[in-house]
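Here is a short report on one protein model and its ligand.

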Amino acid sequence: MSGWRARLARLAPRTLFARLSLILLAGMGAAQLLSAGLAVGERDDVNMGAMVDTVETDLRSAVALLDRLPRAERAAWLPCLEHGGYRFLAGPGDAGPPVQAPLSLRVLRSATRALAATHAFSANTVAGERERFQVHVRLADGDPVTIEFRPRRGLPLSPWLPYVLAGQFVLVALSCWAAVRLATAPLRDLADAADALGPDLRPSALRETGPSEVARAARAMNAMQRRIAGYVDERMRILAAIAHDLQTPITRMRLRVDMMDDPVQQQRLGADLLELQGLVREGLDYARAMHGQAETACPTDIASLLDSIAFDYRDGGASVQVEGARGAVLSTRPKALRRIVCNLVDNALRYAGTADIVLDCAQPQRPAIRVLDRGPGIPDAALDAVFEPFFRLEGSRNRDTGGSGLGLAIARRLAASLPGELTLHNRAEGGLEARLVLQRA
Ligand SMILES: Nc1ncnc2c1ncn2[C@@H]1O[C@H](COP(=O)(O)OP(=O)(O)OP(=O)(O)O)[C@@H](O)[C@H]1O
Ligand SMILES: [Mg+2]
């Protein structure tokens, strides 16, 4: 049971469009052939019945005519008595096996009704031909005459029939194509809209037109997109509000800590508060990154921006190098881009000690910024998970490398809003490559 299902699933075309087209075309094509066959069969049956009915009367009058004709004139009349299904021959005809074919028997019964009362006759099949038989009749003056029957089941088909059938099939195929397209296009639009609802949560509204079911699905999808965006927006506002309001009490506490007498406790509490403040700042940044549209885009020389970032780091004693293409100017939001690159460089410095920034403009429409390090890298299974907010690898859970686990989450949100794409790759020679591919508008 499941075996033939699996086989059928393997053979079936992959797209819904192709599957529906195949089912409709096969079904309608078979129905068309069936009805054409039925019509031809019915026509042949009616024609056969009419032929059998007329044989009796035609034969009776033809033999009566031959009876009355002078012997010398008969031969000249025989061709005139010929019919579609039989012909008259002078003489006793040929011997052969008895008549057995069903169609021949039906015609023979009709001939028997015409001749039995008035003439002596016999019948046999022409040797070697099943549906061809002869009736040998003795006329009133004793002369033999033979009637040879060749019953035909059907009439020949019109030569234009195949063209009409082909034309009908083309019409059916066109209607199937239009119907299947109409049914599958909204599905494609729904999938596109769901895909477009990426990390930046900018909904792409579907057109709420078309057949009522499609318009309803589009309305539901649009409403769902708005609801999701609304929920996320609300959560981010709450996060931003909490993070913002926490800053004031933390600052107050730091002032109080500064006035403490016990230097050991003062130092410990001060460090904790600093960490707390960092966490709050990151939370606020994350909330802002989700909304990251405040900044407007402007033409930016990417290489210069990277140089200035590296310079700032080197100024603070860190080892950060920039290489690659020069002069690439892109319309982008420089503060967001700087924040992304800084988060990536921070990671490289924190987990590997050094960072190399490479600007790659091999594809002018999609310039890429790579931040490379020679650290431990990230296990392949965790390459996606590290983008989750607050996700940190086990090895990073110590105070020396302590971060909040928001850096990559913020970077990816900002990248999506630029728009661009941020991915991580382990390098063959060891270390991690963070790759930001930007899109030229
Ligand atoms: N260059 C890297 N090499 C090795 N591991 C990395 C690297 N970059 C990130 N990771 C791992 O991914 C995790 C998530 O990084 P992310 O930048 O989001 O957070 P974080 O650096 O721990 O904290 P934050 O950046 O918020 O201060 C890190 O904890 C670390 O385990
Ligand atoms: Mg980080």
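## The ligand shell

The model is a predicted one.

## The nonpolar cores

In soluble globular proteins, nonpolar side chains tend to be buried together. Here the largest nonpolar core has 39 residues. Leu-306, Ile-340, Val-341, Ile-357 and Val-371 touch the most other members of that core. Helix α9 again gives the most, with seven residues in this core. Both domain 2 (213-290) and domain 3 (294-438) give residues to the core, so it lies between them.

Take Ile-357 as a close-up. Setting aside neighbours within four places in sequence, its contacts are Leu-306, Ala-310, Val-320, Gln-321, Val-322, Val-341, Ile-369 and Val-371. There is also a second, separate core, with 17 residues. Among them are Val-63, Val-107, Ala-111 and Ala-114.

The domain assignment divides the protein as follows.

| Domain | Residues |
|---|---|
| Domain 1 | residues 13-195 |
| Domain 2 | residues 213-290 |
| Domain 3 | residues 294-438 |

The centres of domain 2 and domain 3, taken over C-alpha atoms, are 23 Å apart. How many residues of domain 2 are in contact with domain 3? Seven residues of domain 2 are in contact with seven residues of domain 3. On the domain 2 side, the touching residues are four nonpolar, one polar and two charged.

## Overall form

The protein has 10 helices and 11 strands. Its radius of gyration is 47 Å, well over the 22 Å that the globule rule gives for 441 residues, so the protein is more spread out than a compact globule. The C-alpha trace spans about 155 × 45 × 45 Å along its principal axes.

Buried residues make up 19% of the 441 residues. Among contacts with a separation of 6 or more, 66% join residues 24 or more positions apart.

How values were computed
Residues numbered from 1 in each chain as written. Chains lettered and ligands numbered in written order. Predicted model: local features only at pLDDT ≥ 70, side-chain atom pairs only at ≥ 80, totals over all residues. Core = buried A, V, L, I, M, F, W, Y, C linked by C-beta atoms within 7 Å. Buried ≥ 20, exposed ≤ 12 C-beta atoms within 10 Å, placed from the backbone. Helix = DSSP H or I, 4+ residues; strand = E, 2+ residues; numbered from the N terminus. Domains from an automatic or database assignment. Contact = placed C-beta atoms within 7 Å. Nonpolar A, V, L, I, M, F, W, Y, C, P; charged D, E, K, R; others polar. Rg over C-alpha atoms; globule rule 2.2 N^0.38 Å.
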